[in-house]
Amino acid sequence: MAYHLLQRDQAGAARLAAALTQALGKILHCEKCNSYAEAVVCELCSSPRRDSALLCVVETPGDLLMMEQAQCYQGLYFVLMGVLSPLDGIGPREINVDRLIRRATDGMVREVILATNFTVEGEATAHYIGEALRARGLTVTRIARGLPVGGEIEYVDSGTLAQAVVERREV
Ligand SMILES: [Zn+2]
């Protein structure tokens, strides 16, 4: 991409560089969902049209975007910004589990939907978070396995993803 821009579109390269620099200076993590935001609380979290009784846990902002494009879900989100991966030194603290627990126990959330990937790390993360939240009296569900085993949410078609959300089950 860098070579293409340098060879064929230097003005575009300058615009992209400026946009990235601006984003680096302005982008924060939303106080509620932990996704990228330009304000303390992002647009999605402040929307009165979203169902605040539902909280969907995803690994990345890209996964959140896919969920939104599938138009199958009206609740709110929490973005972990990763998955548990002990070999890489990524534990509960690195993926903000404490913040998720505080967010999920705000008194409004009734159901937490675990939508981490169906990879080994994603499943382990869902299991860990599920146990922690169930111990606090919350209903915890996992999206159904409409996705291929080992697949990643960011890359599946919207229909498959929507089916998986419709068929979610309690863990
Ligand atoms: Zn937010």
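Author: Glu-111 and Arg-168 form a salt bridge, with their closest N and O atoms 2.8 Å apart. This is a predicted model. Glu-111 sits in strand β5, residues 111-114, and Arg-168 in the loop between α7 (158-166) and β7 (169-170), so the contact ties together parts that are 57 residues apart in sequence. The two partners differ in cover. Glu-111 has a relative accessible area of 15% and is buried. Arg-168 is partly exposed, at 31%. The cut-off for buried is under 20%.

Side chains of opposite charge can pair when their charged atoms come close. A search of the whole structure finds six such salt bridges. Two others are worth a look.

One of them joins Glu-68 to Arg-50, at 2.9 Å from N to O. Glu-68 belongs to helix α4 (residues 61-70), while Arg-50 lies in the loop between α3 and β3 (51-58), so this pair links parts that are 18 residues apart in sequence. Glu-68 is partly exposed, at 25%.

The other joins Arg-103 to Asp-106, and its closest N and O atoms are 2.9 Å apart. Arg-103 is buried, at 9% relative accessibility. Asp-106 reaches 39% and counts as partly exposed.

Now the metal site. The zinc ion has four protein donors: the SG atoms of Cys-30, Cys-33, Cys-42 and Cys-45, lying 2.3 Å from it. Along the chain, these donors follow the spacing C-x2-C-x8-C-x2-C. The site is tetrahedral, with angles of 105 to 116° among the four donor atoms. The ideal angle for four tetrahedral donors is 109.5 degrees.

Cys-30 and Cys-42 show how the site draws on separate loops. Cys-30 lies in the loop between β1 (28-29) and β2 (36-37), and Cys-42 in the loop between β2 and α3 (43-46), so the pair ties together parts that are twelve residues apart in sequence. Cys-30 is buried, at 0% relative accessibility. Cys-42 is also buried, at 11%.

Last, the surface. Met-1, Leu-16 and Leu-20 form a nonpolar patch there, with about 330 Å² of accessible area together. Met-1 is found in the segment before α1 (2-8). Its relative accessible area is 71%, so Met-1 counts as exposed.

Methods
Residues numbered from 1 in each chain as written. Predicted model: local features only at pLDDT ≥ 70, side-chain atom pairs only at ≥ 80, totals over all residues. Heavy atoms only, no water. Patch = residues over 30% accessible without salt bridge, like charges linked within 9 Å, V, L, I, M, F, W, Y side chains within 5 Å. Areas by Shrake-Rupley, 256 points an atom, 1.4 Å probe, with all protein chains shown as cover. Salt bridge = Lys/Arg side-chain N within 4 Å of Asp/Glu carboxyl O. Helix = DSSP H or I, 4+ residues; strand = E, 2+ residues; numbered from the N terminus. Buried < 20%, exposed > 50% of the residue type's maximum accessible area, 1.4 Å probe, protein only. Donors = N, O, S within 2.8 Å, 3.2 Å for Na, K, Ca; no water. Tetrahedral: all angles 85-135°; square planar, octahedral: opposite > 155°, others 65-115°.
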